[in-house]
Amino acid sequence: MTTEVKTTTTHSTVQFAYLISHISTSLINATPTESAKHIEHALAALGSNDRKDRCYVFLFSDDYQEMSNTHEWVNQGITAHKQDLQQVPADAMPWFFQEMKAEGLILVNDTAQLPDKAGGFKTELLRENIQSMMAVGMYLEGRLIGFVGCDLVHRSCEWGDEDVRQMRLVADMITNTVARHRTEARLQQMEAELRAANARLAQLAHEDGLTELKNRRGLDAALSSEISRLQRKQQELTIMMIDIDHFKQLNDQHGHVVGDAALRCVAQELKHTLQRSGETIGRFGGDEFLAICPLLTTEEAQQRAASLLEGISTCEGAAQLTVSIGLYTFIPSSATTSDEVLRKVDNAVYRAKHKGRNRFEIAS
Ligand SMILES: Nc1nc2c(ncn2[C@@H]2O[C@H](COP(=O)(O)OP(=O)(O)OP(=O)(O)O)[C@@H](O)[C@H]2O)c(=O)[nH]1
(Lines give C-alpha, C1' and ligand atoms only; values in the text may rest on other atoms or scores of the structure.)
Protein backbone atom coordinates (compact mmCIF):
# COMPACT_ATOMS: atom_id res chain seq x y z
CA MET A 1 0.00 0.00 0.00
CA THR A 2 1.26 3.49 -0.77
CA THR A 3 0.23 6.65 0.99
CA GLU A 4 0.42 10.04 -0.63
CA VAL A 5 0.52 13.28 1.28
CA LYS A 6 -1.23 15.54 -1.14
CA THR A 7 0.26 18.93 -1.93
CA THR A 8 -1.92 20.76 -4.36
CA THR A 9 0.22 22.80 -6.73
CA THR A 10 -0.83 25.99 -8.43
CA HIS A 11 -0.55 24.07 -11.69
CA SER A 12 -3.16 21.44 -10.72
CA THR A 13 -5.40 24.15 -9.23
CA VAL A 14 -5.39 25.97 -12.56
CA GLN A 15 -6.02 22.70 -14.35
CA PHE A 16 -8.97 22.06 -12.07
CA ALA A 17 -10.36 25.56 -12.74
CA TYR A 18 -10.43 24.70 -16.48
CA LEU A 19 -12.03 21.39 -15.69
CA ILE A 20 -14.70 23.01 -13.53
CA SER A 21 -15.54 25.51 -16.21
CA HIS A 22 -15.95 22.66 -18.73
CA ILE A 23 -18.10 20.59 -16.33
CA SER A 24 -20.26 23.55 -15.45
CA THR A 25 -21.00 24.39 -19.11
CA SER A 26 -21.98 20.83 -19.96
CA LEU A 27 -24.20 20.50 -16.87
CA ILE A 28 -25.96 23.80 -17.47
CA ASN A 29 -26.74 22.84 -21.06
CA ALA A 30 -27.87 19.29 -20.25
CA THR A 31 -31.50 18.46 -20.98
CA PRO A 32 -33.29 16.21 -18.44
CA THR A 33 -32.77 13.15 -20.67
CA GLU A 34 -29.08 13.91 -21.07
CA SER A 35 -28.48 14.78 -17.43
CA ALA A 36 -27.37 11.29 -16.29
CA LYS A 37 -24.74 11.20 -19.03
CA HIS A 38 -23.49 14.70 -18.19
CA ILE A 39 -23.32 14.04 -14.45
CA GLU A 40 -21.28 10.91 -15.20
CA HIS A 41 -18.98 12.99 -17.44
CA ALA A 42 -18.54 15.44 -14.57
CA LEU A 43 -17.66 12.54 -12.25
CA ALA A 44 -15.20 11.23 -14.84
CA ALA A 45 -13.53 14.63 -15.05
CA LEU A 46 -13.35 14.82 -11.27
CA GLY A 47 -11.94 11.29 -11.17
CA SER A 48 -9.23 11.84 -13.73
CA ASN A 49 -8.02 14.89 -11.82
CA ASP A 50 -5.62 13.41 -9.23
CA ARG A 51 -6.17 9.82 -10.40
CA LYS A 52 -9.13 8.83 -8.30
CA ASP A 53 -10.53 5.30 -8.69
CA ARG A 54 -14.24 5.83 -8.27
CA CYS A 55 -16.47 8.91 -8.12
CA TYR A 56 -20.19 8.79 -7.41
CA VAL A 57 -23.39 10.50 -6.41
CA PHE A 58 -25.77 9.12 -3.77
CA LEU A 59 -29.22 10.56 -3.13
CA PHE A 60 -31.13 10.10 0.14
CA SER A 61 -34.79 9.18 0.30
CA ASP A 62 -36.96 12.06 1.61
CA ASP A 63 -37.19 10.45 5.06
CA TYR A 64 -33.42 9.70 5.20
CA GLN A 65 -34.22 6.04 5.76
CA GLU A 66 -32.13 4.95 2.80
CA MET A 67 -29.79 6.12 0.04
CA SER A 68 -29.11 5.00 -3.53
CA ASN A 69 -26.10 5.30 -5.79
CA THR A 70 -27.56 7.23 -8.72
CA HIS A 71 -24.42 7.97 -10.78
CA GLU A 72 -20.97 6.40 -10.84
CA TRP A 73 -17.69 6.65 -12.70
CA VAL A 74 -14.93 4.06 -12.21
CA ASN A 75 -11.34 4.08 -13.39
CA GLN A 76 -10.05 1.27 -15.60
CA GLY A 77 -9.76 -2.03 -13.75
CA ILE A 78 -11.87 -0.84 -10.83
CA THR A 79 -15.05 -2.69 -9.89
CA ALA A 80 -18.28 -0.71 -10.23
CA HIS A 81 -20.67 -0.93 -7.27
CA LYS A 82 -23.66 1.13 -8.36
CA GLN A 83 -25.85 -1.93 -8.87
CA ASP A 84 -25.32 -3.31 -5.38
CA LEU A 85 -25.68 0.07 -3.65
CA GLN A 86 -29.37 0.72 -4.24
CA GLN A 87 -31.75 1.55 -1.37
CA VAL A 88 -29.04 1.05 1.24
CA PRO A 89 -30.85 1.32 4.60
CA ALA A 90 -29.67 4.00 7.04
CA ASP A 91 -29.44 1.50 9.86
CA ALA A 92 -26.83 -0.49 7.90
CA MET A 93 -24.38 2.44 8.38
CA PRO A 94 -25.68 4.60 11.24
CA TRP A 95 -22.31 6.30 11.84
CA PHE A 96 -21.99 7.41 8.21
CA PHE A 97 -25.56 8.77 8.11
CA GLN A 98 -25.09 10.66 11.40
CA GLU A 99 -21.76 12.18 10.37
CA MET A 100 -23.04 13.17 6.95
CA LYS A 101 -26.17 14.77 8.43
CA ALA A 102 -24.18 16.58 11.12
CA GLU A 103 -21.09 17.68 9.16
CA GLY A 104 -21.92 17.25 5.48
CA LEU A 105 -18.41 15.89 5.08
CA ILE A 106 -16.71 12.51 5.52
CA LEU A 107 -12.95 12.24 5.12
CA VAL A 108 -11.31 8.85 5.42
CA ASN A 109 -7.54 8.91 4.95
CA ASP A 110 -7.12 5.29 5.92
CA THR A 111 -10.01 2.86 6.22
CA ALA A 112 -8.10 0.72 8.72
CA GLN A 113 -7.94 3.70 11.11
CA LEU A 114 -11.72 4.22 11.18
CA PRO A 115 -13.09 3.92 14.74
CA ASP A 116 -15.08 0.82 15.73
CA LYS A 117 -18.24 2.85 15.94
CA ALA A 118 -18.01 3.31 12.12
CA GLY A 119 -19.15 -0.38 12.07
CA GLY A 120 -21.20 -1.13 8.94
CA PHE A 121 -19.61 1.72 6.99
CA LYS A 122 -16.09 0.41 7.66
CA THR A 123 -17.17 -3.11 6.69
CA GLU A 124 -18.55 -1.74 3.41
CA LEU A 125 -15.30 0.13 2.61
CA LEU A 126 -13.29 -3.01 3.33
CA ARG A 127 -15.66 -5.05 1.14
CA GLU A 128 -14.96 -2.67 -1.74
CA ASN A 129 -11.18 -2.59 -0.93
CA ILE A 130 -11.34 1.16 -0.40
CA GLN A 131 -8.30 2.63 1.31
CA SER A 132 -9.29 6.30 1.31
CA MET A 133 -12.53 8.06 0.55
CA MET A 134 -14.08 11.44 0.74
CA ALA A 135 -17.75 12.53 0.50
CA VAL A 136 -19.30 15.99 0.62
CA GLY A 137 -22.97 16.74 1.15
CA MET A 138 -25.30 18.04 -1.56
CA TYR A 139 -27.62 20.72 -0.19
CA LEU A 140 -30.79 21.88 -1.85
CA GLU A 141 -32.42 24.91 -0.23
CA GLY A 142 -30.50 24.16 2.95
CA ARG A 143 -31.56 20.51 3.04
CA LEU A 144 -29.11 17.62 2.64
CA ILE A 145 -30.30 15.58 -0.36
CA GLY A 146 -27.28 13.35 -0.95
CA PHE A 147 -23.54 13.48 -1.42
CA VAL A 148 -20.78 13.34 -4.03
CA GLY A 149 -17.84 11.15 -3.13
CA CYS A 150 -14.72 9.49 -4.41
CA ASP A 151 -12.69 6.41 -3.46
CA LEU A 152 -9.08 5.39 -3.74
CA VAL A 153 -8.58 1.64 -4.06
CA HIS A 154 -4.92 1.19 -4.96
CA ARG A 155 -3.48 3.77 -2.59
CA SER A 156 -4.47 5.90 0.32
CA CYS A 157 -3.96 9.62 0.74
CA GLU A 158 -4.35 12.45 3.19
CA TRP A 159 -7.06 14.70 1.96
CA GLY A 160 -6.41 18.43 2.18
CA ASP A 161 -8.59 21.55 2.22
CA GLU A 162 -8.15 22.02 -1.53
CA ASP A 163 -9.55 18.52 -2.20
CA VAL A 164 -12.61 19.36 -0.11
CA ARG A 165 -13.05 22.72 -1.83
CA GLN A 166 -12.88 21.13 -5.29
CA MET A 167 -15.29 18.36 -4.37
CA ARG A 168 -17.73 20.92 -2.92
CA LEU A 169 -17.68 22.86 -6.19
CA VAL A 170 -18.53 19.73 -8.17
CA ALA A 171 -21.19 18.73 -5.61
CA ASP A 172 -22.83 22.17 -5.91
CA MET A 173 -22.92 21.96 -9.70
CA ILE A 174 -24.42 18.47 -9.67
CA THR A 175 -26.96 19.59 -7.03
CA ASN A 176 -28.05 22.47 -9.25
CA THR A 177 -28.54 20.10 -12.16
CA VAL A 178 -30.54 17.63 -10.04
CA ALA A 179 -32.61 20.54 -8.64
CA ARG A 180 -33.32 21.94 -12.08
CA HIS A 181 -34.45 18.58 -13.40
CA ARG A 182 -36.54 17.84 -10.32
CA THR A 183 -38.31 21.17 -10.78
CA GLU A 184 -38.87 20.43 -14.46
CA ALA A 185 -40.22 16.94 -13.65
CA ARG A 186 -42.52 18.42 -10.97
CA LEU A 187 -43.76 21.04 -13.42
CA GLN A 188 -44.43 18.40 -16.06
CA GLN A 189 -46.29 16.27 -13.53
CA MET A 190 -48.35 19.26 -12.36
CA GLU A 191 -49.13 20.13 -15.96
CA ALA A 192 -50.32 16.56 -16.65
CA GLU A 193 -52.44 16.58 -13.47
CA LEU A 194 -53.92 19.94 -14.41
CA ARG A 195 -54.76 18.71 -17.91
CA ALA A 196 -56.45 15.59 -16.47
CA ALA A 197 -58.37 17.71 -13.93
CA ASN A 198 -59.53 20.08 -16.68
CA ALA A 199 -60.65 17.19 -18.85
CA ARG A 200 -62.55 15.71 -15.88
CA LEU A 201 -64.13 19.11 -15.14
CA ALA A 202 -65.22 19.50 -18.73
CA GLN A 203 -66.70 16.00 -18.59
CA LEU A 204 -68.45 16.71 -15.27
CA ALA A 205 -69.89 19.94 -16.64
CA HIS A 206 -71.68 17.78 -19.23
CA GLU A 207 -72.54 14.81 -17.02
CA ASP A 208 -75.47 14.00 -14.75
CA GLY A 209 -74.14 12.85 -11.37
CA LEU A 210 -76.92 10.34 -10.61
CA THR A 211 -77.14 8.43 -13.89
CA GLU A 212 -73.69 9.31 -15.35
CA LEU A 213 -75.44 10.11 -18.61
CA LYS A 214 -75.05 13.48 -20.32
CA ASN A 215 -76.84 16.31 -18.50
CA ARG A 216 -78.99 19.06 -20.00
CA ARG A 217 -75.95 21.11 -20.99
CA GLY A 218 -74.35 18.10 -22.75
CA LEU A 219 -77.63 17.28 -24.51
CA ASP A 220 -78.13 20.87 -25.71
CA ALA A 221 -74.65 20.88 -27.26
CA ALA A 222 -75.16 17.46 -28.90
CA LEU A 223 -78.62 18.36 -30.22
CA SER A 224 -77.60 21.59 -31.93
CA SER A 225 -74.48 19.97 -33.37
CA GLU A 226 -76.47 17.01 -34.77
CA ILE A 227 -79.13 19.33 -36.25
CA SER A 228 -76.42 21.28 -38.10
CA ARG A 229 -74.54 18.16 -39.20
CA LEU A 230 -77.60 16.36 -40.60
CA GLN A 231 -78.95 19.53 -42.16
CA ARG A 232 -75.67 19.75 -44.13
CA LYS A 233 -75.96 16.06 -45.09
CA GLN A 234 -79.74 16.18 -45.55
CA GLN A 235 -80.20 12.98 -43.55
CA GLU A 236 -82.73 11.88 -40.97
CA LEU A 237 -82.53 12.57 -37.28
CA THR A 238 -84.70 11.00 -34.57
CA ILE A 239 -85.28 12.68 -31.22
CA MET A 240 -86.99 10.82 -28.36
CA MET A 241 -88.19 12.37 -25.14
CA ILE A 242 -88.78 9.74 -22.44
CA ASP A 243 -90.73 10.69 -19.32
CA ILE A 244 -91.32 8.32 -16.36
CA ASP A 245 -95.00 7.81 -15.54
CA HIS A 246 -96.33 8.80 -12.13
CA PHE A 247 -92.86 9.33 -10.81
CA LYS A 248 -94.02 11.76 -8.15
CA GLN A 249 -96.29 9.04 -6.80
CA LEU A 250 -93.37 6.56 -6.69
CA ASN A 251 -91.28 9.08 -4.77
CA ASP A 252 -94.11 9.94 -2.39
CA GLN A 253 -94.99 6.33 -1.66
CA HIS A 254 -91.54 4.75 -1.52
CA GLY A 255 -89.12 7.60 -0.93
CA HIS A 256 -86.41 9.30 -2.98
CA VAL A 257 -83.89 6.46 -2.65
CA VAL A 258 -86.28 4.15 -4.52
CA GLY A 259 -86.97 7.00 -6.96
CA ASP A 260 -83.23 7.42 -7.62
CA ALA A 261 -82.85 3.68 -8.23
CA ALA A 262 -85.70 3.87 -10.78
CA LEU A 263 -83.95 6.75 -12.57
CA ARG A 264 -80.75 4.70 -12.76
CA CYS A 265 -82.66 1.68 -14.05
CA VAL A 266 -84.26 3.75 -16.84
CA ALA A 267 -80.79 5.12 -17.68
CA GLN A 268 -79.45 1.56 -17.99
CA GLU A 269 -82.29 0.55 -20.29
CA LEU A 270 -81.72 3.64 -22.44
CA LYS A 271 -78.05 2.76 -22.78
CA HIS A 272 -78.96 -0.80 -23.64
CA THR A 273 -81.62 0.02 -26.24
CA LEU A 274 -80.60 3.36 -27.72
CA GLN A 275 -76.91 4.09 -27.35
CA ARG A 276 -75.51 2.69 -30.57
CA SER A 277 -72.50 4.27 -32.21
CA GLY A 278 -73.18 7.97 -32.89
CA GLU A 279 -76.27 8.05 -30.69
CA THR A 280 -76.48 10.29 -27.63
CA ILE A 281 -78.63 9.83 -24.57
CA GLY A 282 -78.92 11.99 -21.48
CA ARG A 283 -81.03 13.10 -18.55
CA PHE A 284 -82.91 16.16 -19.69
CA GLY A 285 -84.06 17.01 -16.16
CA GLY A 286 -86.09 15.49 -13.28
CA ASP A 287 -87.69 12.29 -14.63
CA GLU A 288 -87.18 13.18 -18.31
CA PHE A 289 -84.57 11.69 -20.65
CA LEU A 290 -83.63 12.57 -24.22
CA ALA A 291 -82.18 10.39 -26.97
CA ILE A 292 -80.60 11.82 -30.15
CA CYS A 293 -80.38 9.11 -32.81
CA PRO A 294 -79.14 9.99 -36.29
CA LEU A 295 -79.90 7.97 -39.43
CA LEU A 296 -82.93 6.02 -38.17
CA THR A 297 -85.95 5.66 -40.42
CA THR A 298 -89.36 6.37 -38.87
CA GLU A 299 -90.04 2.60 -38.71
CA GLU A 300 -86.72 1.87 -37.02
CA ALA A 301 -87.32 4.69 -34.53
CA GLN A 302 -90.74 3.24 -33.67
CA GLN A 303 -89.21 -0.23 -33.19
CA ARG A 304 -86.63 1.26 -30.82
CA ALA A 305 -89.34 3.06 -28.84
CA ALA A 306 -91.33 -0.17 -28.55
CA SER A 307 -88.22 -2.08 -27.37
CA LEU A 308 -87.59 0.63 -24.81
CA LEU A 309 -91.13 0.36 -23.40
CA GLU A 310 -90.62 -3.38 -23.08
CA GLY A 311 -87.16 -3.07 -21.52
CA ILE A 312 -88.30 -0.57 -18.93
CA SER A 313 -91.18 -2.82 -17.86
CA THR A 314 -88.50 -5.26 -16.61
CA CYS A 315 -86.98 -2.68 -14.25
CA GLU A 316 -87.25 -4.23 -10.82
CA GLY A 317 -88.31 -1.93 -8.03
CA ALA A 318 -90.99 -1.13 -5.50
CA ALA A 319 -93.58 -0.60 -8.22
CA GLN A 320 -94.07 -1.36 -11.91
CA LEU A 321 -92.19 1.28 -13.90
CA THR A 322 -93.46 2.63 -17.21
CA VAL A 323 -92.55 5.60 -19.41
CA SER A 324 -94.25 7.76 -22.02
CA ILE A 325 -92.26 8.60 -25.14
CA GLY A 326 -92.48 11.41 -27.67
CA LEU A 327 -90.82 10.62 -30.99
CA TYR A 328 -89.82 12.88 -33.87
CA THR A 329 -88.01 11.77 -37.03
CA PHE A 330 -87.15 14.51 -39.54
CA ILE A 331 -84.56 15.88 -41.93
CA PRO A 332 -83.36 19.19 -40.43
CA SER A 333 -83.63 22.34 -42.54
CA SER A 334 -81.68 25.56 -42.12
CA ALA A 335 -84.64 26.91 -40.15
CA THR A 336 -84.77 23.99 -37.67
CA THR A 337 -83.97 24.99 -34.08
CA SER A 338 -83.40 22.87 -30.97
CA ASP A 339 -86.26 24.65 -29.17
CA GLU A 340 -88.69 23.80 -31.93
CA VAL A 341 -87.65 20.13 -31.95
CA LEU A 342 -87.89 19.90 -28.16
CA ARG A 343 -91.33 21.50 -28.21
CA LYS A 344 -92.52 18.91 -30.71
CA VAL A 345 -91.30 15.87 -28.73
CA ASP A 346 -92.60 17.41 -25.51
CA ASN A 347 -96.07 17.76 -27.08
CA ALA A 348 -95.87 14.14 -28.24
CA VAL A 349 -95.03 13.04 -24.67
CA TYR A 350 -98.01 15.03 -23.43
CA ARG A 351 -100.25 13.20 -25.89
CA ALA A 352 -98.83 9.82 -24.81
CA LYS A 353 -99.61 10.69 -21.18
CA HIS A 354 -103.06 11.82 -22.14
CA LYS A 355 -103.75 8.59 -24.01
CA GLY A 356 -102.98 6.45 -20.97
CA ARG A 357 -99.12 6.43 -20.61
CA ASN A 358 -96.74 3.47 -21.21
CA ARG A 359 -96.76 4.23 -24.96
CA PHE A 360 -95.10 6.37 -27.58
CA GLU A 361 -96.55 9.10 -29.76
CA ILE A 362 -95.08 10.47 -32.97
CA ALA A 363 -94.68 14.20 -33.46
CA SER A 364 -95.70 15.54 -36.82
N1 LIG B 1 -85.99 10.52 -6.59
C2 LIG B 1 -85.84 11.60 -7.36
N3 LIG B 1 -86.91 12.30 -7.76
C4 LIG B 1 -86.75 13.35 -8.58
C5 LIG B 1 -85.51 13.76 -9.03
N6 LIG B 1 -85.65 14.86 -9.83
C7 LIG B 1 -86.98 15.12 -9.89
N8 LIG B 1 -87.65 14.23 -9.14
C9 LIG B 1 -89.07 14.11 -8.91
O10 LIG B 1 -89.71 13.75 -10.10
C11 LIG B 1 -91.10 14.02 -9.96
C12 LIG B 1 -91.64 14.45 -11.29
O13 LIG B 1 -93.03 14.52 -11.13
P14 LIG B 1 -94.02 15.10 -12.20
O15 LIG B 1 -93.27 16.03 -13.13
O16 LIG B 1 -95.15 15.71 -11.44
O17 LIG B 1 -94.45 13.90 -13.03
P18 LIG B 1 -95.04 12.46 -12.69
O19 LIG B 1 -95.37 12.27 -11.28
O20 LIG B 1 -94.07 11.51 -13.27
O21 LIG B 1 -96.36 12.44 -13.54
P22 LIG B 1 -96.54 12.16 -15.06
O23 LIG B 1 -95.31 12.65 -15.75
O24 LIG B 1 -97.74 12.95 -15.48
O25 LIG B 1 -96.73 10.72 -15.23
C26 LIG B 1 -91.20 15.08 -8.87
O27 LIG B 1 -91.83 14.54 -7.75
C28 LIG B 1 -89.74 15.42 -8.53
O29 LIG B 1 -89.55 15.69 -7.16
C30 LIG B 1 -84.35 13.00 -8.58
O31 LIG B 1 -83.21 13.29 -8.94
N32 LIG B 1 -84.58 11.94 -7.78
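**Helix packing, cores and ligand shell**

Q: How do α8 and α9 pack?
A: In this predicted model, α8 and α9 pack with their axes 10 Å apart, at an angle of about 145°.

Q: Left-handed or right-handed crossing?
A: The crossing of α8 past α9 is right-handed.

Q: Which residues make the contact?
A: From α8, they are V266, E269, H272, T273 and L274. From α9, they are R304, S307, L308, G311 and I312.

Q: And by class?
A: That contact has 4 nonpolar, 4 polar and 2 charged residues.

Q: Switching to the largest nonpolar core: which residues touch the most other members?
A: M240, I242, L290, A291 and I325 do, in a core of 39 residues.

Q: Which elements supply at least two residues of this core?
A: The helices are α6 (216-233), α8 (256-274), α9 (298-312) and α10 (338-354). The strands are β9 (237-244), β10 (280-285), β11 (288-294) and β12 (323-330).

Q: Where does the largest share come from?
A: From β9, with 6 residues.

Q: What about a second core?
A: There is a separate one of 36 residues, and L43, A118, A171 and I174 are among them.

Q: OK, the ligand. Which residues come nearest?
A: F247, K248, H256, G259 and G286, out of 16 residues around the ligand.

Q: Which elements supply at least two residues of that shell?
A: β9, α7 (247-254) and α8 each do.

Q: How does the shell divide by class?
A: Around the ligand there are 4 nonpolar, 6 polar and 6 charged residues.

Technical notes
Residues are numbered from 1 along each chain as its sequence is written. This is a predicted model: local features need pLDDT of at least 70, side-chain atom pairs count only at pLDDT 80 or more; totals for chains, interfaces and linings use all residues. A nonpolar core is a set of buried Ala, Val, Leu, Ile, Met, Phe, Trp, Tyr and Cys residues joined through C-beta atoms within 7 Å. A residue is buried if 20 or more other C-beta atoms lie within 10 Å of its own, exposed if 12 or fewer, and partly exposed in between; C-beta atoms are placed from the backbone. Helices (H or I, at least four residues) and strands (E, at least two) are DSSP runs, numbered from the N terminus. A residue is near a molecule or strand if its C-beta atom, placed from the backbone, lies within 6 Å of it. Ala, Val, Leu, Ile, Met, Phe, Trp, Tyr, Cys and Pro count as nonpolar, Asp, Glu, Lys and Arg as charged, and the others, Gly among them, as polar. Axes are lines fitted to C-alpha atoms, for helices over the stretch in contact, and angles run from 0 to 180 degrees between N-to-C directions. A crossing is left-handed if the near helix is turned anticlockwise from the far one by less than a right angle, and right-handed if clockwise. Two residues are in contact if their C-beta atoms, placed from the backbone, lie within 7 Å.
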